[in-house]
Amino acid sequence: MPGALDGFRVIDFSQVIAGPLATRVLADQGADVVKVEPPSGDILRHMGGIAGLSPTFATVNRSKRSLVLDLKKNGGVEALMRLVANADVFVQNSRPGTMERIGIGSRRLREHNPRLVYVSISGFGETGPYAHKRVYDPIVQGMSGLCEIQGAGTGPPGLVRVIVPDKVTALTAAQNITAALLARERTGVGQHVRLSMLDAVIAFVWPEGMAYHTFIGEGRKIKPVPRRDLVFQTLDGHMIASTVAHREFSGFCRAVGKPEWLEDPRFSTTAGLVANASARLELMAEVLKTRTTGDWLEALDREDVPCGPVLTRDHIHENAQVRENAILVEDDHPVAGRMRQPRPAERLDETPSAISRPAPTLGQHSEEVLREAGFSAAEIASLREAGTLGAVQ
């Protein structure tokens with residue numbers, strides 16, 4: 001069955017993570033995504049790997065086709081304009097002003113194709129003192145409060161060791177692209193979608209991370225809940241156990257054979273559990289050291305206490321839950337060989353998402369895409385001769 005976005009064409013002019021991951025979501029959902037790259041390729045291709053395919057590039061750019069266009073050469077911009085004429089979405093994540101200087105800014109492309117949804121992803125937005133700064137994920141972690149939250153109550157600020165801002169921005173972009181397409185179906189007109197990483201991550205962090213700063217005014221601030229790690233050492237590894245609600249702590253006490261903890265007035269209510277979190281977690285840590293993770297998971301599950309193992313990256317693919325839900329899939333890339341990666345997370349029973357094709361090599365589909373756009377063999381040969389099209393790799 002075709003995916004939910006079958007029939008929509010996306011021109012992906014973005015590089016690295018935020019833009020390409022957004023368009024990969026659309027590609028897995030059935031959109032025809034053409035990744036337009038310079039002759040040097042997306043920088044992510046070159047960060048280790050096989051045949052111009054780093055592991056990250058391969059998972060972020062699956063289900064797409066690759067076209068190489070050098071917009072600095074004769075006919076490059078014109079060729080892109082012909083592609084955009086029949087496209088539904090154009091995505092770019094260059095610094096503000098770059099696309100206008102090249103001649104492919106939102107105004108020009110939307111005049112050329114009024115139904116186009118033009119997407120601009122930036123680090124800090126299009127105005128303000130930081131608008132033209134170069135930006136990577138860690139910088140946004142620092143400016144959004146994410147770093148400070150990692151160290152709150154336990155030490156200095158620290159980075160989250162996965163690129164949360166890039167990924168949050170990508171998912172926000174994908175959702176807003178589909179929202180803009182839905183609006184276009186009602187109005188017949190496209191629009192310019194602007195999104196900055198800083199905007200996306202502050203919105204992501206805010207609900208609980210910035211709760212203390214939500215209600216404004218004297219006496220209206222809600223005291224933040226102290227951040228505590230819920231990772232506990234066991235006899236053979238580590239596990240997570242959460243006992244915020246009183247019924248969960250009661251179940252925990254029964255599971256570990258410590259009913260006397262329930263008589264402690266500090267732990268008699270849910271509010272008391274939160275206020276005395278440090279003491280509660282210290283008691284939990286001492287008892288959980290005495291048996292294996294498997295033993296504790298079995299005992300805590302019987303009492304309906306939220307818990308789970310801490311899996312190492314080497315063993316996630318072996319976990320029974322991961323295997324039962326087929327979260328990870330394996331197949332053979334025609335160039336890179338055997339690969340393992342996650343399937344699309346969403347399950348749509350009428351329009352299922354799927355990995356439709358492996359990540360492309362640089363320029364793999366250049367001539368195919370141009371032929372579909374109406375370019376003649378002579379026109380393609382001319383672009384190739386001028387160096388505009390680049391070599392198939």
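Analyst: Two strands are said to pair if DSSP finds at least two bridges between them, and strands (E, at least two residues) and helices (H or I, at least four) are DSSP runs numbered from the N terminus. The model is predicted, so local features need pLDDT of at least 70 and side-chain atom pairs count only at pLDDT 80 or more, while totals for chains, interfaces and linings use all residues. Residues are numbered from 1 along each chain as its sequence is written, and side-chain values use heavy atoms, with hydrogens and water left out.

User: How do you know that S1 and strand S2 pair, and in which sense?

Analyst: S1 and strand S2 (residues 32–37) have four bridges between them, and they run in the parallel sense. Within this pairing, valine 10 has valine 33 of S2 as its bridge partner. S1 also pairs with S4 in the parallel sense, over three bridges, and there valine 10 stands opposite valine 89.

User: What makes a right-handed β-α-β unit here, that is, which elements form it?

Analyst: The unit is made by S1, H1 and S2. The word right-handed is used if, with the strands pointing away from the viewer, the path from the first strand over the helix to the second runs clockwise.

User: Which residues point one way from S1, and which the other way?

Analyst: Arg9 and Ile11 point one way, whereas Val10 and Asp12 point the other way, and all are buried. Buried means under 20% relative accessible area, exposed means over 50%, and partly exposed lies in between (1.4 Å probe, protein chains only).

User: How many aromatic pairs does the structure hold, and why is the pair of phenylalanine 13 and phenylalanine 90 called stacked?

Analyst: The structure holds six aromatic pairs. The ring centres of phenylalanine 13 and phenylalanine 90 are 5.8 Å apart and the planes meet at 25 degrees, so this pair is stacked. The rule is that rings of Phe, Tyr and Trp (its six-membered ring) pair if their centres lie within 6.5 Å, with planes under 30 degrees apart counted as stacked, over 60 as edge-to-face and the rest as tilted. Phenylalanine 13 lies in the loop between strand S1 (9–12) and helix H1 (18–28), and phenylalanine 90 lies in strand S4 (residues 89–92), so the pair ties together parts that are 77 residues apart in sequence.

User: What makes phenylalanine 13 count as buried, and what is the relative accessible area of phenylalanine 90?

Analyst: Phenylalanine 13 counts as buried because its relative accessibility is 15%. Phenylalanine 90 has a relative accessible area of 0%, and it is therefore buried as well.

User: Why is the pair of phenylalanine 252 and tryptophan 261 called stacked?

Analyst: The rings of phenylalanine 252 and tryptophan 261 have centres 6.5 Å apart and planes at 15 degrees, so the pair is stacked. Phenylalanine 252 is buried at 0%, and tryptophan 261 counts as buried at 12%. Both belong to a cluster that ring pairs form from Phe249, Phe252, Trp261 and Phe267.

User: What sits over the ring of phenylalanine 375, and what sits over the ring of tryptophan 296?

Analyst: The charged end of arginine 82 sits over the ring of phenylalanine 375, at 3.7 Å from its centre, and the charged end of arginine 291 sits over the ring of tryptophan 296, at 4.6 Å from its centre. The term requires NZ of Lys or CZ of Arg to be within 6 Å of the ring centre and within 35 degrees of the ring normal.

User: Which residues are buried in helix H13, and what do they pack against?

Analyst: In helix H13 (residues 293–302), the buried residues are Thr293, Trp296, Leu297, Ala299 and Leu300. They pack against strand S8 (238–241), helix H10 (246–256), helix H12 (277–288) and strand S9 (307–309), where contact means heavy atoms within 4.5 Å.
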